[in-house]
Amino acid sequence: MSYQDDEEEVTFDGTAGSFPKDFGYGAFDGEHDILSASVDQKPRILLMGLRRSGKSSIQKVVFHKMSPNETLFLESTNKIVKDDINNSSFVQFQIWDFPGQIDFFDSTFDYDMIFGGCGALIFVIDAQDDYMEALNKLNLTVTKAYKINPNIKFEVFIHKVDGLGDDFKMESQRDIHQRATDDLNDSGYDQIHLSFHLTSIYDHSIFEAFSKVVQKLIPQLPVLENLLNIVNTNSAIEKSFLFDVVSKIYIATDSTPVDMQSYELCCDMIDVVIDVSWIYGVKEEQDPAAFDEQSSSLIKLNNGTVLYLREVNKFLALVCILRDDNCDRKGLIDYNFLCFRNAIQQVFELRNQNQSALNSVGSPVVNGNNLIDGGISPT
Ligand SMILES: Nc1nc2c(ncn2[C@@H]2O[C@H](COP(=O)(O)OP(=O)(O)OP(=O)(O)O)[C@@H](O)[C@H]2O)c(=O)[nH]1
């Protein structure tokens, strides 16, 4: 048996953090048997790991607005589930959720096809369980994938850390890191780089980790970061994030370090803006939009900090954190924001032109480096 997503039965419960179901990626793509599926050219992110490590939960919580508690009722995945993240998002890719018991020696799986067009492989390890078997599987998976496609980014999610104390969390991360890299060195693959993230679906850590995975696949990232740095410097902004509104993944931030609290505040702000605008916004007959070119919000916190959100395009929002005193010059901030928005449009117009030029000479997009495949439409 495998999980069937029933979009109709889940209604918006009105709490911040749970967007209306129709504000999202649209209907769940359902299941495809990998053997019968045609080779799609969208870049893909693979979710692998042992049974019950939390793979399906991660996918559902991040991309389908499932509340973490609902994941308790997910059934085991027994075949590869492909999920297209493309309907209304800037970030366009496929997530393939693998069954925990996948056998790499099974000749029915076409590994060249699976790993060939893969941008990133996320290996999920249940930190609340004994992880020795998971480490063996990680080594087997990573070496097999690397042989087929050395460009894959390997990401290890040390997952379910909500149940662990801070010391134990750090100790587990150190131990898993050490063992995994030692295993790779022993098998002669010291050139493989693994990135580690501590994650849980019960807080924002899973969104933060996914943000970092997705960012590595965005070729325009350095330009976006640079633009954010320029906006910050010229507008006295302390931190800014460029968010994909639906998933709350940040696709870029400025070069100052990200602290979890700021990220959480910005995520919560997006929830508030969408919820309020969904409830009180003027609804058009055909196309009710909770996020459009009018979307903007300024929230003053009682600690002298201001959160400022502006729509960048259909999918993206700029969320900034600044000091209350620096808000006096809001006209300047707004002007700089318009320059930023124009620059973003130019970056992606160029990208779209290159993309159509490539397509017209018949070069298909099969590589994770082309993650954002036509995902932006200039506003
Ligand atoms: N405490 C905690 N539990 C989690 C977390 N993520 C997932 N779970 C639970 O772990 C269990 C297994 O989750 P699944 O998403 O079905 O795991 P899976 O890896 O897809 O399992 P298979 O389909 O069998 O491979 C569920 O009961 C989830 O509620 C987490 O971050 N913290």
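In the hairpin of E9 and E10, which residue takes a positive phi?

Mentor: Gly-304 is that residue: its phi is positive, near 80°, and the hairpin has four residues between the strands. Please bear in mind that this is a predicted model, in which local features need pLDDT of at least 70 and side-chain atom pairs count only at pLDDT 80 or more, while totals for chains, interfaces and linings use all residues. Residue numbers start from 1 along each chain as its sequence is written.

Strands (E, at least two residues) and helices (H or I, at least four residues) are DSSP runs numbered from the N terminus, and two strands pair if DSSP finds at least two bridges between them. Ser-297 has Leu-309 in E10 as its bridge partner. E10 is also joined to E11 (residues 316-323), again antiparallel, over seven bridges; there, Glu-311 has its bridge partner, Ala-317, in E11.

These strands belong to an open sheet of five, in the order E8-E7-E11-E10-E9, with antiparallel pairing. E8 (249-253) and E9 stand at the edges with a single partner strand each, so one side of each lacks a neighbour in the sheet. On average, neighbouring strands of this sheet are turned by 20° against each other, direction ignored. Helix H6 (residues 221-235) lies across E7 (237-244) and E8, and runs at about 145° to E7. Axes are lines fitted to C-alpha atoms, for helices over the stretch in contact, and angles run from 0 to 180 degrees between N-to-C directions. Contact here means that the C-beta atoms of two residues, placed from the backbone, lie within 7 Å.

The chain also has an open sheet of six strands, E2-E3-E1-E4-E5-E6, whose pairing is mixed. E2 (81-85) and E6 (194-198) are its edge strands; each has a single partner, so one side of each is left without a neighbour in the sheet. Its twist averages 20° from one strand to the next. E5 (residues 153-159) pairs with E6 in the parallel sense over five bridges, and Phe-157 has His-197 in E6 as its bridge partner. Helix H1 packs on this sheet, touching E1 (44-49), E2, E3 (93-97) and E4 (118-126), with its direction at about 150° to that of E3. Helix H3 (residues 132-148) also packs on the sheet, touching E1, E4 and E5, at about 170° to the direction of E4.

The axes of H1 and H5 (residues 205-216) come within 10 Å and cross at roughly 85°. These two helices are therefore roughly perpendicular to each other, a term for angles of 65 to 115 degrees. Ile-58, Val-61 and Val-62 in H1 meet Ile-206, Phe-207 and Phe-210 in H5. The residues of this contact divide into six nonpolar, no polar and no charged; Ala, Val, Leu, Ile, Met, Phe, Trp, Tyr, Cys and Pro count as nonpolar, Asp, Glu, Lys and Arg as charged, and the others, Gly among them, as polar.

H1 (residues 55-64) also gives the largest share of the shell around the ligand, three residues. By class, that shell has five nonpolar, twelve polar and five charged residues.

How values were computed. Angles under 35 degrees count as roughly parallel, over 145 as roughly antiparallel, 65 to 115 as roughly perpendicular and the rest as oblique.
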